[in-house]
Amino acid sequence: VATTGFREGHVEVGGVRIPYADAGQGAPLVHLHGAGGLRLTRAHELLTRQFRVLAFELPEGPAPEHTLALALATLGLDTFNLLGTSIAGAAALALALQEPRRVRALVLESPAAIRPDGRGADLERRLAGLATPTLVLFGTVDDVVPPAMGRVYKALMANCHLVFVYAAGHAIAADRPEAFAEVVADFLERHEAFVISRAQTVIHP
Amino acid sequence: VKVSFFETVRYRAPEALPSEWPVPSGSYDPDAGAQAYRAMIERLEYVEELGFDWVSVSEHHYSPRILTPSPIVSAAFIAAHLKRITIALLGPIVPHSNPVRVAEELAMLDTMAQGRLVVGLLRGTANEAMTYDLNPQEARERTDEGMELILRAWTEPQPFGWQGRHFQYRTISIWPRPLQQPHPPTFALGTSRESCEFAARHHLGCGVSYGPFEVMAKATRYYREQCARHGWQPSPEQIVYRANMLVAETDEDAQALLRAQPNQAPFTMRAGVRDAVMTLDSRNIAGEARAPVVSGALPTTFVGSPDTVVEQVRRCREVVGAGVLDLSLHPPGSGDLDPLMRALELFGKKVLPRIREI
């Protein structure tokens with residue numbers, strides 16, 4: 001994990017050692033990586049401009065959310081933003097369901113938590129009860145999880161926004177880091193109000 | 001084949017116009033304009049009566065040559081006056097547009113016209129770069145992204161945001177959606193590799209225009225290859241060929257009409273502007289580079305008596321593979337209506353009934 005400015009650390013919970021990378025200042029943003037393992041991208045760097053980004057190795061086992069909840073408490077992170085990528089979408093949702101007060105906002109990057117073949121049905125049934133502000137991102141050329149799955153989260157969750165990232169595949173943050181970081185940061189800062197543009201178009205005022 | 005009449009409004013200038021493009025709007029005559037739009041409806045009633053399948057409209061700006069800067073307005077006006085014919089909107093220039101607005105307007109129009117809409121989406125001709133300050137180097141990318149957004153806006157059931165390269169929206173949820181589901185028959189218009197690939201990827205039709213059969217066939221062949229790569233085969237109706245046709249009673253008369261055609265576009269750009277367009281605008285036919293058309297006249301690929309033209313249509317069907325011909329029966333920019341009406345009648349009575357089964 002050699003990306004500028006990131007420090008490597010680890011936290012121990014019940015004998016389990018969880019490595020993480022940490023950089024930036026501001027509200028904490030906890031990232032749970034996808035199947036490729038913990039890899040830092042330019043998107044992480046961009047997000048450190050506004051957030052303290054903590055990218056964790058996903059603990060092994062059937063319910064990583066329990067271990068993570070304890071690990072984050074150990075690090076003194078009472079409340080935090082949570083970003084789950086691909087297969088970690090399920091862990092991120094489970095953590096948000098387990099700790100609704102602590103997770104301020106949730107971002108799911110190409111989540112694989114609910115699959116077209118019916119996998120994830122248990123989690124799917126619990127989503128209606130989750131009020132956490134949630135942003136679901138899918139790349140328009142995702143060839144791992146069909147982007148049309150985005151509408152399932154949007155339809156089920158009370159406070160969910162769905163955004164397609166054009167020309168990005170399954171690894172949105174790697175394919176379009178600036179676009180990814182911009183929409184994630186705006187959402188984490190403003191939650192549902194991010195639908196109202198603050199972009200300035202005036203030139204030579 | 002199906003046959004489409006390309007309607008360009010036929011503005012007849014009361015006085016000679018400056019030949020530079022853009023044409024100063026001060027030289028526009030409002031009464032002549034009103035007359036042109038009135039006459040358009042009368043003409044199209046006749047087109048419908050003759051049995052044309054479609055009437056098509058296009059988007060062009062800043063000159064009287066084709067008086068439809070907003071093809072959606074033209075299409076809506078035509079749809080309100082004609083009850084049977086399919087309205088082919090070929091099409092909104094996507095890189096100029098707000099794609100969400102285009103999706104909304106086309107959905108409205110499809111619904112208001114009771115599902116009589118056909119849509120072509122395109123990058124636009126090289127001269128349109130001056131319109132709305134479109135950077136020719138960005139036009140291709142904006143077109144692809146805009147087309148994809150239009151398709152998504154038509155079909156996505158939940159409100160969604162779009163984090164594009166050229167377009168960004170946080171919330172899109174259009175009402176109405178199109179009457180034709182999931183959306184009206186849609187074509188990606190153009191001969192370029194990118195356009196053919198987009199059409200193949202999204203199961204859209206393909207539209208080519210004006211070039212000789214063999215050249216257009218390069219594009220349609222490439223399109224069919226790409227469709228096969230994506231696991232499907234387009235129907236003949238999914239390939240449109242827009243062309244100029246000069247039909248007359250005899251081959252000699254038709255050849256005489258051809259000889260009388262100008263070899264320059266009626267309104268031309270200043271040399272420096274043309275050079276800038278030539279430098280910044282890159283085009284291709286199925287991947288083979290070609291120069292953008294900026295001031296030259298467009299070729300006429302059907303010329304002759306009804307018998308000759310029927311044979312040319314047969315050959316075109318074989319070579320280009322187009323199941324829809326979108327025709328100008330008289331130079332699109334000409335306001336001289338008598339020859340157009342003569343050609344229309346001749347075509348409608350002596351050609352149209354004979355090419356249906358081709």
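This is a predicted model: local features need pLDDT of at least 70, side-chain atom pairs count only at pLDDT 80 or more; totals for chains, interfaces and linings use all residues.
Some ground rules come before the details. Local features need pLDDT of at least 70 and side-chain atom pairs count only at pLDDT 80 or more, while totals for chains, interfaces and linings use all residues. Residues are numbered from 1 along each chain as its sequence is written, chains are lettered from A in the order in which they are written, and side-chain values use heavy atoms, with hydrogens and water left out.

The table gives the overall numbers.

| Item | Value |
|---|---|
| Residues in contact (heavy atoms within 4.5 Å), chain A | 18 residues |
| Residues in contact, chain B | 16 residues |
| Buried area (accessible area, 1.4 Å probe, lost on being put together, summed over both) | about 1600 Å² |

Carbon and sulfur atoms give 53% of that buried area. On the chain A side, A:Arg151, A:Phe164 and A:Tyr166 supply 41% of what chain A buries against chain B, more than any other three residues.

Three salt bridges (a side-chain nitrogen of Lys or Arg within 4 Å of a carboxyl oxygen of Asp or Glu) link chain A and chain B. In one of them, B:Arg170 pairs with A:Glu182 at 3.2 Å, N to O. The part of chain A that touches chain B has twelve nonpolar residues, one polar and five charged; here Ala, Val, Leu, Ile, Met, Phe, Trp, Tyr, Cys and Pro count as nonpolar, Asp, Glu, Lys and Arg as charged, and the others, Gly among them, as polar.

Note on methods: Buried area is the accessible area (1.4 Å probe) that two parts lose on being put together, summed over both.
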